[in-house]
Amino acid sequence: MMGVGNFYGCAGTWMAPNWVLTGSHCGVGRGSEICFGEDRRNATRCFAGSAGYEPRGDMALLDMGRDITAAFPGIQPIPLFTDELTQDWIGRTAEAGGYGQQENGQSNEREFTAEPIYSISGDLVSIDGEGRRGVCFGDSGGPLMVIASDGTVRIAGVLSHGDPSCLGVD
């Protein structure tokens, strides 16, 4: 199971034994609960954070105060991407995930979308749903993942904002 969880209004990613990464606009902090589940429709194992930090931009770290692997060994952390995202990445596929709104209007079901990287400007990476797919309301804070040079899935960023149609550039 991927370590993408639901804050019920935002998403977050378990990235290390005690840490969850999300968007700072999600307003997480001490006592914020993130829920995971093996079934994408049933994120019922919830963990409360002990402290929140906002290192820069629209990123927030939630300190879980304990290693949540011990409480739910099926969760796999997704480590951070540590290489540089250069202009060479434009056109490569990235994957975004979250619990946001779907085509039928429902939400709170973990979904992923694979989209090409559209632009890179400083710390901002944009992906393009090309009018066919995309992230939507409630996916905020969810991961943007890429395949690193070692072949592993890595978190390259978090969803900050997107196209209102849920099919454009995010």
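Cys 10 and Cys 26 are both buried, a term for under 20% relative accessible area; exposed is over 50%, and partly exposed lies in between (1.4 Å probe, protein chains only). This is a predicted model, in which local features need pLDDT of at least 70, side-chain atom pairs count only at pLDDT 80 or more, and totals for chains, interfaces and linings use all residues. Residues are numbered from 1 along each chain as its sequence is written, and side-chain values use heavy atoms, with hydrogens and water left out. The topic here is the disulfides. A search of the whole structure finds three.

**Overall pairing**
- A disulfide is a pair of cysteine sulfur atoms within 2.5 Å.
- With the bonded cysteines of the protein numbered in sequence order, the pairing reads 1-2, 3-4, 5-6.

**Cys 10 and Cys 26**
- The S to S distance in this disulfide is 2.1 Å.
- The torsion about the S-S bond is about -85°, so the disulfide is left-handed.
- This pair links distant parts of the chain, 16 residues apart. Cys 10 sits in the loop between strand 1 (4–6) and strand 2 (11–16). Cys 26 sits in the loop between strand 3 (19–22) and strand 4 (33–36).
- Strands (E, at least two residues) and helices (H or I, at least four) are DSSP runs, numbered from the N terminus.

**Cys 35 and Cys 46**
- A disulfide joins Cys 35 to Cys 46, with S to S at 2.0 Å.
- Its S-S torsion is about 100°, so the disulfide is right-handed.
- Distant parts of the chain are linked here too: Cys 35 belongs to strand 4 and Cys 46 to strand 5 (residues 45–48), eleven residues apart.
- Cys 35 counts as buried because its relative accessibility is 1%. Cys 46 is partly exposed, at a relative accessible area of 33%.

**Cys 136 and Cys 166**
- The sulfurs of Cys 136 and Cys 166 form a disulfide at 1.9 Å.
- The torsion about this S-S bond is about 55°, so the disulfide is right-handed.
- Cys 136 lies in the loop between strand 10 (124–127) and strand 11 (143–147). Cys 166 lies in the segment after strand 12 (153–158). The pair therefore ties together parts that are 30 residues apart in sequence.
- Cys 136 is buried, with a relative accessible area of 14%. Cys 166 is buried as well, with a relative accessible area of 12%.
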